[in-house]
Amino acid sequence: MTQDTTRLRRFIADETDGCCDADVEARLDELESFTGGIPDDYATDLDALKTLGNETRYRITRLLAAAEDELCVCEITPSFDVSESAVSHALSDLTDAGLLSRRKEGTWRYYRTTARAERVVAALDATRGENE
């Protein structure tokens with residue numbers, strides 16, 4: 001695919017009072033080097049973020065993170081003003097995204113946050129209210 005560098009060329013010219021092909025190529029190479037910071041398995045990151053993008057799933061994650069221990073689904077459901085089915089579906093989505101772990105004992109299912117969910121929640125808490 002051929003890149004349209006017209007705008008980039010104008011930007012470099014405005015910033016440096018001139019621009020040549022070598023300047024554009026150098027900047028493109030520099031920008032390409034930044035993509036090395038994108039992990040190859042970024043799809044799991046997107047899944048986790050998309051999953052937390054729903055209020056019920058986000059609040060369930062927060063509830064379980066605050067509990068610091070596993071909770072039975074029967075303890076989780078009363079905390080939310082949604083159907084049991086919606087809570088069950090949310091728990092399944094969170095588990096599939098690697099944010100919760102599930103354990104079954106008899107007829108009861110227990111959930112807890114994973115280390116990844118705890119780190120995501122901690123990162124959100126640490127950056128809340130920052131104006132960058």
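I began with E75, which has its place in helix α5 (residues 73–76). For helices I follow DSSP runs (H or I, at least four residues; strands are E, at least two), numbered from the N terminus. This is a predicted model, where local features need pLDDT of at least 70, side-chain atom pairs count only at pLDDT 80 or more, and totals for chains, interfaces and linings use all residues. Residues are numbered from 1 along each chain as its sequence is written, and side-chain values use heavy atoms, leaving out hydrogens and water.

**Entry 1: E75.** Is E75 buried, exposed or partly exposed? I found a relative accessibility of 44%, so E75 counts as partly exposed. My cut-offs are under 20% relative accessible area for buried, over 50% for exposed and in between for partly exposed (1.4 Å probe, protein chains only). I also looked up E75 and Y110, which are 35 residues apart along the chain; their C-alpha atoms are separated by 9.3 Å.

**Entry 2: the nonpolar core.** Next I turned to the largest nonpolar core, which has 16 residues. Such a core is a set of buried Ala, Val, Leu, Ile, Met, Phe, Trp, Tyr and Cys residues joined through side-chain atoms within 4.5 Å. I60, L64, I76, L91, L99 and L100 have the most contacts inside this core. Two or more residues each come from α3 (42–52), α4 (55–67) and α6 (84–96). I noted that α6 gives the largest share, four residues. In soluble globular proteins, nonpolar side chains tend to be buried together.

I then picked out I76 and asked which residues it touches, not counting those up to four places away in sequence. The list is I60, L63, L64, L71, V87, L91 and Y111. Contact here means heavy atoms within 4.5 Å.

**Entry 3: how α4 packs.** Two packed helices are described by the angle between their axes and the distance between the axes. Axes are lines fitted to C-alpha atoms, for helices over the stretch in contact, and angles run from 0 to 180 degrees between N-to-C directions.

- I started with α3 and α4, which pack at an angle of about 100° with axes 6 Å apart. They are therefore roughly perpendicular to each other; that label covers 65 to 115 degrees, while under 35 is roughly parallel, over 145 roughly antiparallel and the rest oblique. K50, T51 and L52 in α3 meet R57, Y58 and T61 in α4.
- For α4 and α6, I noted axes that come within 9 Å and cross at roughly 70°. This makes α4 roughly perpendicular to α6. On the α4 side the contact uses T56, R57, I60 and T61, and on the α6 side V87, A90, L91, D93 and L94.
- The axes of α4 and helix α7 (residues 115–127) come within 10 Å and cross at roughly 100°.

**Entry 4: two threonines.** T51 is found in helix α3 and is buried, with a relative accessible area of 10%. Beyond residues up to four places away in sequence, T51 touches R57, D93, L94, A97 and L99. T56 is found in helix α4 and counts as buried at 18% relative accessibility. Leaving aside neighbours within four places in sequence, I found T56 in contact with F80, V82 and A90.

**Entry 5: a charge over a ring.** Which ring does the charged end of R103 sit over? It is the ring of Y110, with the charged end 4.5 Å from the ring centre. The rule asks for NZ of Lys or CZ of Arg within 6 Å of the ring centre and within 35 degrees of the ring normal.
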